[in-house]
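This briefing goes through one part of a protein model, strand by strand and then helix. Please look at the sequence and the structure first.

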Amino acid sequence: MNSKDIKDIYAGLKRRHGSKTLLLFRVGDDLVAYLSDAAVVASALNLPLENSPGDPLQPQLAVRFPAQRQEAYVNRLIEAGHAVLVSQEYDSDGNYKIKLQ
């Protein structure tokens, strides 16, 4: 499967799992939330928001944390009343499928 733009993957997963489900994506050694989920996750976990790489004219909000903190942070999000989906999709070469444009 070819890499896809985060906006396409995000929209598809939101349609499938519900607009209120927070989406976390495994990117290297981090878990990252994008777009509207980034603000919710950042607020709930007291983490800083950042602009993800991509088109400088259309920055995309993101928040990231180390994947080793996944259990603790996902539990905090669930305890705060959020549904959470963690996407960890890799291609046949072991590279993460998402690319930012």
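Strand 3 (residues 30-34) is mostly covered, with four of its five residues buried. Buried means under 20% relative accessible area, exposed over 50%, and partly exposed in between (1.4 Å probe, protein chains only). Helices (H or I, at least four residues) and strands (E, at least two) are DSSP runs, numbered from the N terminus. This is a predicted model, in which local features need pLDDT of at least 70, side-chain atom pairs count only at pLDDT 80 or more, and totals for chains, interfaces and linings use all residues. Residues are numbered from 1 along each chain as its sequence is written, and side-chain values use heavy atoms, with hydrogens and water left out.

**Strand pairing**

- Two strands pair if DSSP finds at least two bridges between them.
- Strand 3 pairs with strand 2 (residues 22-27) in the antiparallel sense over three bridges.
- Asp30 in strand 3 is the bridge partner of Val27.
- Two residues lie between strand 2 and strand 3, which form a hairpin, and Gly28 in the turn has a positive phi of about 65°.
- Strand 3 also runs antiparallel to strand 5 (residues 60-66), joined by five bridges.
- In strand 5, Pro66 stands opposite Asp30.

**Helix 2**

- Asp37, Ala38, Val41, Ala42 and Leu45 are the buried residues of helix 2 (residues 35-45).
- They lie on the same side of helix 2 because they cover an arc of only 130° around the axis, taken from the directions from the helix axis to the C-beta atoms.
- The exposed residues Ser36 and Ser43 are on the face turned away from the buried side.
- Asn46, which follows helix 2, has a positive phi near 55°.
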